[in-house]
Amino acid sequence: AAQRLEAQFGGKVESVVCEGPLDATVGATQRCVMSEGGQKAVLTLTVTKIEGDKVDFRIKVDDHPLPE
């Protein structure tokens, strides 16, 4: 997820910590916290497609960063 976030948002992502594994089921969601440049943001990952052992997912960043 960190590589996709860096490509999507154009910055170096320091870490991504999730609640646990993302279920390989279309529609499954997972909440994560991303750290970048001293700020933290909450992400929601949603599985959009599964092909064999490849799982595609959408990343949505919450509108407000977490307080320091």
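Visitor: What is the relative accessible area of Cys18?
Guide: This is a predicted model, in which local features need pLDDT of at least 70 and side-chain atom pairs count only at pLDDT 80 or more, while totals for chains, interfaces and linings use all residues. Residues are numbered from 1 along each chain as its sequence is written, and side-chain values use heavy atoms, with hydrogens and water left out. On the scale used here, buried means under 20% relative accessible area, exposed over 50%, and partly exposed in between (1.4 Å probe, protein chains only). Cys18 is partly exposed, and its relative accessible area is 34%.

Visitor: Is Cys32 buried or exposed?
Guide: The relative accessible area of Cys32 is 1%. The limit for the buried class is under 20%, so Cys32 is buried.

Visitor: How many residues apart in sequence are the parts that the pair Cys18 and Cys32 ties together?
Guide: A disulfide (a pair of cysteine sulfur atoms within 2.5 Å) joins Cys18 to Cys32, with S to S at 2.0 Å. A search of the whole structure finds 1 disulfide. Strands, like helices, are DSSP runs numbered from the N terminus (strands E, at least two residues; helices H or I, at least four). Cys18 lies in strand β1 (residues 15-18) and Cys32 in strand β2 (residues 29-36), so the separation of the linked parts in sequence is 14 residues.

Visitor: What is the handedness of the link of Cys18 and Cys32?
Guide: The handedness is given with the angle about the S-S bond, which is 100°. The link of Cys18 and Cys32 is right-handed.

Visitor: In what order do the strands stand in the open sheet?
Guide: The secondary structure comes to 1 helix and 4 strands, and two strands count as paired if DSSP finds at least two bridges between them. The pairing in the sheet is antiparallel, with 8 bridges joining β2 to β3 and 8 bridges joining β3 to β4. The order is β1-β2-β3-β4.

Visitor: Which strands have one side left without a neighbour in the sheet?
Guide: A strand at the edge has a single partner strand, so one of its sides is left without a neighbour in the sheet. The strands at the edges are β1 and β4.

Visitor: Which residue stands opposite Leu45 of β3?
Guide: Leaving aside neighbours within four places in sequence, Leu45 is in contact (heavy atoms within 4.5 Å) with residues including Cys18, Cys32, Gln30 and Phe57. The residue opposite Leu45 is Gln30.

Visitor: Which element has the lowest mean pLDDT?
Guide: pLDDT is the predictor's confidence in each residue, from 0 to 100; the protein averages 84, and 87% of the residues score at least 70. Strand β3 (residues 39-51) has the highest mean among the elements, 91. Where pLDDT is low, the predicted coordinates should not be read in detail. The element with the lowest mean, 70, is helix α1.
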